[in-house]
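Dear colleague,

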Amino acid sequence: MSKKGYYGEFGGQFVTELLYPALLELEKEFAKIKRHEKFQKEFKRLLHEFAGRPTPLYFAKNTSEFIGCKVYFKREDLLNGGSHKINNALGQVLLAKYLGKKFIVTETAAGMHGVAATMAANVVGLKCKVFMGVKDIERQKVNAEKIQLLGGEVVPVTRGSGVLKDAVSEALVAWIRDLPNTHYLIGSAVGPCPFPEIVSYFQKVIGEETKDQILKVEYKLPQVIIACGSGGSNALGIFQAFLKDQEVELLFVEGEESAALKYGSKGIFQGTKTYVLQDEFGMDRKTTSRAAGLNYPARGPQLSNLVKLGQVKVSTANNDEVLEVFKLMGKMEGLLPALETCHAIAELFKRRGKYKKDDIVILNFSGRGDKDIETVINLQER
């Protein structure tokens, strides 16, 4: 970070004065736990025994033959809860416990983070309240029900468009109402400092494992790493370990219908300066991605800075491409990826024939698509 809380010109703390004491406390204690031996030992134990790390780096033989090079999937979909979200959730609930908090509030869209947060909160004995837009509850019904079965409280959000950005706003309000007892477990690398740093820190295990695994199998680094995202937690998770390796292309894929990096501009959104889809008055524009987890009008400040510096390249995939990828991946590899993950796979498919036979592509397979089956079936029937 170039200055406290910033990544280049992006980041900061653009919040109500009511939140400053909580953010300062969080920043101070987060710095401590990174050096806290007991905390780190427990975090690693839970990642291994509860979450199921390390995840495999899977050589996707059929996809490799289709693309024309060696394709590996980093199988975050095999984690407990079905996605990479559990990494950050476990880290933050342990941090909340360390801070003496009793309650967790959070937001979710695709529901994967809500499930992960509730599971993680249960592990350390905290109560969890999950804010979820009414539109997302309808299309991600399975995960909303999972949260409730796990003992979490799902709070429907009717404000705005009833999607992710609205759930974030309501979760922030709930946090402000009970700062002494509550921790806001943000699900992606967004929001005011120190949240982006916290989330990327707890997700960096993805890239560390990936780098070690590919070197053991192939004895060299990949030509490209592809990851989907909105705020960018799974992408930052895998990219961080390769940022100093200039020969590795890092590619971030966002939804064409919510492409803040492609169509957005610099602005202030939900506590941070970053790239936002906004109108001439600085109000966020409506997004229409079928992937609930990508239906967010902004990107995280670290990701925005990496893109501006040219260290991360950007592409997009649209709703129709994503739907086709979901169906094709099931038949090709016997895998049903989350619609979010399908964005990365769509970009991979567009690169068919562009690589040499021995070139290596790693795709962060960030989540499984059980939650999206009903959505896909309904779209097919139309």
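Four strands make up an open sheet, ordered β7-β6-β5-β8 with parallel pairing (strands are DSSP runs of E of at least two residues and helices runs of H or I of at least four, numbered from the N terminus; pairing requires at least two DSSP bridges). At the edges are β7 (153–157) and β8 (182–184), each pairing on one side only. The model is predicted: local features need pLDDT of at least 70 and side-chain atom pairs pLDDT 80 or more, while totals for chains, interfaces and linings use all residues. Residues are numbered from 1 along each chain as its sequence is written, and side-chain values use heavy atoms, without hydrogens and water.

Strand β5 (residues 103–108) and β8 are joined in the parallel sense over 3 bridges, with Phe103 opposite Thr182 in β8.

Volumes are the space filled by probe spheres set on the points, which are joined across faces, edges and corners. There are 6 cavities of 30 Å³ or more.

The largest cavity has a volume of about 400 Å³. Of its 31 lining residues, His84, Lys85, Ser188, Gly293 and Leu294 are the closest to its centre. Because domain 1 (6–46 + 84–194) and domain 2 (52–83 + 203–381) both contribute to the lining, this cavity lies between them (bounds from an automatic or database domain assignment).

The second largest cavity holds about 60 Å³. Thr182 is among its lining residues, and α1 gives the largest share, 3 residues.

Yours sincerely

Notes: On a 1 Å grid over the protein atoms alone, a cavity is a set of points where a 1.4 Å probe fits but cannot get out, and a pocket is an open set with protein on both sides within 12 Å along at least five of seven lines; lining residues have an atom within 4 Å of a point.
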